[in-house]
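Hi everyone, thanks for coming. Today I'd like to walk you through one protein chain, step by step. Have a look at it first.

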Amino acid sequence: MDRIKVLVVDDSAVVRQILTELLGSDPQIEVVGAAADPLLAREKIKRLNPDVLTLDVEMPRMDGLAFLENIMRLRPMPVLMVSSLTERGADITLQALALGAVDFVTKPKLDVARGLGDYASEIIAKVKAAARARVQPLARPAQRLEATAAPRPPIATAARFRTTDRLIAIGASAGGTEAIRVVLEQMPPDAPAIVLTQHIPGGFSRAFVERLDRHSKMLVREASDGEAILPGHAYLPPGDRHLRVIRDGARWRCRIDDGAPVNRHRPAVDVLFRSVAQNAGANAVAAILTGMGDDGARGLLELRQAGAATLVQDEATSVVWGMPGAAYRLGAAQEVLPLARIAGRLLELAGARPLAATG
């Protein structure tokens, strides 16, 4: 099997050296070159023909986003962003994912050498996943990155305080920041309540929620512990916390906690899905979107066994078919659908009568 050829693009000589050494330590990866800025990188891409590009989000001589947009239009290839955990870094990284970057890793704030060393296994795993990713040419104009949703009508008082009778649960990882946006963009303002878990560093969660809220007719919010789960609202956990659904009489509420990581993740999709299976059962509809690894697969199976309707994103439209594929192989998914059809099917299933448990 040919080794994965990687080009490292970062303006820091220290980071270039560390990434080169970390990635080169894996026998399946070959770092074919490094570049200090996008203009040098452009020439090396032509000459070295890498399989994966690691790209710093803030670059000299040419804006990193403009460079990424050019790549995704002219020579689509898997790009892994290397981002700083700052408010500006989070926003730029989310825009990069919207432009077609596969995933990202974060630079430690202090002691970069030691910090990146600690992340060696994550960086290597994400490069390998990126090499297998399905990368699509960028078609839509970049201006849509900051498009705002149409004004949202207020939810009727009766709907705001009624018992929520259907609940949609969604989990995602690599590629999921854009997949979730696509799903939420198609939801009406009075859609059933949605609870979501996306693997994302804590410092990125607020920017991610704000971005989704701009693109959705629903109200997208960072969940707070104990708050009621209402129709027309979508809830994501705050940074580095698990989100669970608990039952309070006839109502569901959010439970936020900092329990141990599950499947190496906090928040974890399995944590959310298992709580929904226990407290909503056949009144739930659940989906796993694109993502690396297998988090959520067992939780989705528990949901199906509890009578919930379950589906996963298909391989052709997933950036990485790790999580959806794992759930499919486990027999957790009743349906496999392309991304563009998932929102409509979730709404159809949420409007149906509860399904009998199926094995």
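Let's start with helix H8, which lies across S6, S7, S8, strand S9 (233-236) and strand S13 (309-313). The helix runs at about 170° to S7. Angles here go from 0 to 180 degrees between N-to-C directions, with axes as lines fitted to C-alpha atoms, for helices over the stretch in contact. Contact means heavy atoms within 4.5 Å. When I say helix or strand, I mean a DSSP run: H or I with at least four residues for helices, E with at least two for strands, numbered from the N terminus.

Before we go on, please note that this is a predicted model, where local features need pLDDT of at least 70 and side-chain atom pairs count only at pLDDT 80 or more, while totals for chains, interfaces and linings use all residues. Residues are numbered from 1 along each chain as its sequence is written, and side-chain values use heavy atoms, with hydrogens and water left out.

Helix H10 (residues 269-279) also lies across strands, namely S6, S7 and strand S12 (284-288), and runs at about 160° to S6.

Now, in what order do the strands of the open sheet of seven come? The order is S8-S9-S7-S6-S12-S13-S14, and the pairing is parallel. Two strands pair if DSSP finds at least two bridges between them. Strand S8 (219-222) and strand S14 (335-337) stand at the edges with a single partner strand each, so one side of each has no neighbour in the sheet. On average, neighbouring strands of this sheet are turned by 20° against each other, direction ignored.

Let's zoom in on one pair. Strand S6 (residues 167-172) and strand S7 (residues 193-198) run parallel and are joined by six bridges. You can find Ile 170 opposite Leu 196 in S7.

Is Ser 173 buried or exposed? Its relative accessibility is 9%, so Ser 173 counts as buried; the cut-offs are under 20% relative accessible area for buried, over 50% for exposed, and partly exposed in between, with a 1.4 Å probe and protein chains only. Leaving out residues up to four places away in sequence, Ser 173 touches Gln 198, His 199, Thr 290, Gly 291, Met 292 and Met 323. The C-alpha atoms of Ser 173 and Leu 289 are separated by 7.5 Å, although these residues are 116 apart along the chain.

Of its 33 lining residues, the closest to its centre are Glu 122, Lys 126, His 199, Arg 264 and His 265. A pocket is an open set of points on a 1 Å grid over the protein atoms alone, where a 1.4 Å probe fits, with protein on both sides within 12 Å along at least five of seven lines; lining residues have an atom within 4 Å of a point. Grid points are joined across faces, edges and corners, and the volume is the space filled by probe spheres set on them. Strand S5 (103-107), helix H6 (120-132) and helix H8 (176-185) each supply at least two lining residues.

S5 itself has five of its five residues buried, so it is largely enclosed by the rest of the structure.

H8 returns in the second largest pocket, where it gives the most to the lining, with five residues. That pocket holds about 660 Å³ of space.
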